[in-house]
Amino acid sequence: MTARALPWTDDPFAQAVRTGRGPLWLRRQDGRRIPLDIERWSAPAGGADHGLLLRCTRLPAPVLDLGCGPGRLVAALLERGIPALGVDITAAAVASTRRLGGLALCRSVFDRLPAEGRWGGVLLADGNLGIGGDPGAILRRCAELLAAGGTLLVEVEPQEIEERTTVRVEGPDGRLGPAFPWARLGADATAHHAGRAGLVETERWSSHGRHFLRLRAS
């Protein structure tokens with residue numbers, strides 16, 4: 001009998017974070033696969049990341065990176081003198097962030113976090129809008145974390161889509177991690193759910209094939 005992979009500890013995602021190499025996918029219930037760009041996440045910030053980082057320099061510090069992964073954005077923010085904290089449920093991601101000199105906590109984004117209601121900025125990059133499979137819930141959580149007038153910078157899908165499904169992370173050897181809920185949203189659907197969470201859209205932009213919204217907490 002094969003031992004069952006512990007979620008976020010010895011599953012394919014945690015292993016890929018440790019090595020910084022893929023390929024890696026989200027396998028949907030219907031068998032289709034969504035590629036995960038683990039090599040980009042593990043590399044220094046670049047490309048469209050620079051637009052996120054530039055906007056963070058205009059925010060009242062500090063900045064919270066939800067689902068920080070290997071830590072490239074947290075490290076880049078700190079290099080620019082912006083106080084930042086990463087949060088990730090994967091211990092390997094938190095360890096990677098700390099190796100880069102960043103600060104990170106190994107928690108769910110829905111766990112109690114420091115300075116709730118006082119963050120100047122929150123990042124939801126690299127598909128992390130899908131966390132929990134309920135975009136309304138994650139956007140409400142971001143609104144709770146932000147100070148009044150604070151900013152959420154969120155990455156959205158390039159196409160107009162609103163999809164909720166169950167996925168599993170698949171590694172290069174075909175091994176699958178445990179199932180978990182996930183969501184994918186385009187800009188319009190994200191803006192709709194954001195409005196219901198008390199967040200106001202102030203900007204849309206795209207760069208290097210990636211698409212983003214800036215949302216302000218009321």
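Reply: Helices (H or I, at least four residues) and strands (E, at least two) are DSSP runs, counted from the N terminus. This is a predicted model, in which local features need pLDDT of at least 70 and side-chain atom pairs count only at pLDDT 80 or more, while totals for chains, interfaces and linings use all residues. Residues are numbered from 1 along each chain as its sequence is written, and side-chain values use heavy atoms, with hydrogens and water left out.

With that settled, on to the largest pocket. It holds about 990 Å³ of space. (A pocket is an open set of points on a 1 Å grid over the protein atoms alone where a 1.4 Å probe fits, with protein on both sides within 12 Å along at least five of seven lines; lining residues have an atom within 4 Å of a point. Points join across faces, edges and corners, and the volume is what probe spheres set on them fill.)

Its lining has 44 residues, and Trp41, Asp126, Gly127, Asn128 and Trp182 are the ones nearest the centre. Two or more lining residues come from each of β2 (33–35), α2 (38–42), β4 (84–88), β7 (146–156), β9 (180–185) and β11 (210–217). Strand β9 has the largest share, with six residues. By class, the lining of the largest pocket is made of 24 nonpolar, ten polar and ten charged residues. (Ala, Val, Leu, Ile, Met, Phe, Trp, Tyr, Cys and Pro count as nonpolar, Asp, Glu, Lys and Arg as charged, and the others, Gly among them, as polar.)

Now the second largest pocket, with a volume of about 170 Å³. Here 13 residues form the lining, with Pro44, Ala45, Arg72, Ala75 and Glu79 nearest the centre. Helix α4 gives the most, four residues. The lining of the second largest pocket splits into eight nonpolar, two polar and three charged residues.

Helices α3 and α4 pack at an angle of about 45 degrees, and their axes are 11 Å apart. (Axes are lines fitted to C-alpha atoms, for helices over the stretch in contact, with angles from 0 to 180 degrees between N-to-C directions.) So α3 and α4 are oblique to each other, a label for whatever isn't roughly parallel (under 35 degrees), roughly antiparallel (over 145) or roughly perpendicular (65 to 115). Their crossing is right-handed, meaning that the near helix is turned clockwise from the far one by less than a right angle.

Who touches whom? Asp49, Leu52, Leu53 and Cys56 in α3 meet Arg72, Leu73, Ala76 and Leu77 in α4, where contact is heavy atoms within 4.5 Å. That contact has six nonpolar residues, two charged ones and no polar ones. Arg72 also came up among the residues nearest the centre of the second largest pocket.

There's another helix pair to look at. Helix α6 (residues 135–145) packs with α7 (residues 187–196) at about 55 degrees, their axes 9 Å apart. That angle makes α6 oblique to α7. The crossing of α6 past α7 is right-handed. Pro135, Gly136 and Leu139 in α6 meet Thr190, His193 and Ala194 in α7. By class, that's three nonpolar, three polar and no charged residues.

Last stop, the loops. The peptide bond from Gly22 to Pro23 is cis, with omega near 0 degrees, and Pro23 sits in the loop between α1 (12–19) and β1 (25–28). The bond from Ala61 to Pro62 is cis, with omega near 0 degrees; Pro62 belongs to the loop between α3 (49–57) and β3 (63–66). Then there's Ala115, whose phi is near 55 degrees, a positive value in a residue other than glycine. You'll find Ala115 in the loop between β5 (104–106) and β6 (119–124).
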